[in-house]
Amino acid sequence: TAFCGACVRRFCERDERVAIAQIEFANRDPSQPQHIPNEEIPALAKTVFRQVGESFGELLIWKRFVSKNPKRRERITTRGVDVIAEVVKSGTPALGLSAHLGSFELLAVYLAKRGVKCTVIGRSPNYPSLEKAMREFREAYGVSVIWSDAPDAARQIIQAVRNNQVLCVLLDQDTKWK
């Protein structure tokens with residue numbers, strides 16, 4: 001997975017520069033207890049891309065993580081899936097909020113594999129091939145996708161709520177919603 005991260009970093013040099021600039025901006029006040037020495041920022045950005053690569057690697061072998069096979073040990077642990085299932089069964093709309101932490105891509109697939117209808121709302125990726133791959137991956141496992149920049153995104157969201165789907169949103173995205 002570290003290799004995947006190195007590849008991601010090589011193909012996304014502009015994104016790495018953006019990540020470094022964002023870390024520098026967040027790190028501008030040296031009086032903060034979490035302040036990072038400036039010379040460590042490029043290494044931190046490299047770690048971010050390594051983790052992206054690890055997440056990508058996990059997607060390649062996701063079936064190992066969400067298997068219902070009793071002989072295979074479950075590798076994803078959660079709390080509250082029963083609560084989510086009860087809310088969905090009651091017909092009450094549900095909103096799932098998270099961030100780009102851990103295996104966030106696997107979470108919606110995990111829920112979908114357990115019968116919870118999910119719709120992921122997100123900003124479309126900067127790279128069209130990545131957008132297509134993400135949509136295909138999610139939809140292949142029962143997760144609907146709404147790109148927030150789609151002209152009919154609001155209509156799609158209303159339809160998902162009417163269809164009693166859990167709306168899943170990553171709060172730390174760079175979305176430009178009106």
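A residue counts as buried when its relative accessible area is under 20%, and as exposed when that value is over 50%. In this predicted model, Asn27 has a relative accessible area of 7% and is therefore buried, although its place is in the loop between H2 and helix H3 (41-60). Leaving out residues up to four places away in sequence, Asn27 touches Gln34, His35, Ile36, Asn38 and Ile41.

**Overall architecture**

The chain contains 8 helices and 4 strands, and along the sequence these elements follow the pattern α-α-α-α-α-β-α-β-α-β-α-β. Of the 178 residues in the chain, 30% are buried, and the accessible surface comes to about 12000 Å², with 56% of it belonging to carbon and sulfur atoms. Among the contacts with a separation of 6 or more, 70% are between residues 24 or more positions apart.

**Helix H2**

Within H2, the residues Asp15, Glu16, Ala19, Ile20 and Ile23 are buried. These residues cover an arc of only 140 degrees around the axis, so they lie on the same side of H2. Arg17, Gln22 and Phe25, by contrast, are exposed on the other side of H2. The background to such a pattern is that an α-helix has 3.6 residues a turn, so residues three or four places apart point the same way.

**Nonpolar cores**

The largest nonpolar core has 14 residues, and those with the most contacts inside it are Leu111, Val116, Cys118 and Val143. Helix H5 (81-90), helix H6 (104-113), strand S2 (118-122) and strand S4 (166-170) each supply at least two residues of this core, with the largest share, 5 residues, coming from H6. Val116, setting aside its neighbours within four places in sequence, is in contact with Ile84, Val88, Leu111 and Val166. Another core, of 6 residues, lies apart from the largest one and includes Ile121, Ile146, Ile157 and Ala160.

**Strands S2 and S3**

S2 and S3 run parallel and are joined by 5 bridges; the bridge partner of Gly122 in S3 is Trp147. In strand S3 (residues 143-147), 4 of the 5 residues are buried, so this strand is largely enclosed by the rest of the structure.

Val109 belongs to helix H6, and because its relative accessible area is 0%, it is buried. Glu139, which is found in helix H7 (residues 128-140), counts as partly exposed because its relative accessibility is 41%.

Conventions: Residues numbered from 1 in each chain as written. Predicted model: local features only at pLDDT ≥ 70, side-chain atom pairs only at ≥ 80, totals over all residues. Heavy atoms only, no water. Core = buried A, V, L, I, M, F, W, Y, C linked by side-chain atoms within 4.5 Å. Buried < 20%, exposed > 50% of the residue type's maximum accessible area, 1.4 Å probe, protein only. Contact = heavy atoms within 4.5 Å. Arc of directions from axis to C-beta. Areas by Shrake-Rupley, 256 points an atom, 1.4 Å probe, with all protein chains shown as cover. Pairing = 2+ DSSP bridges.
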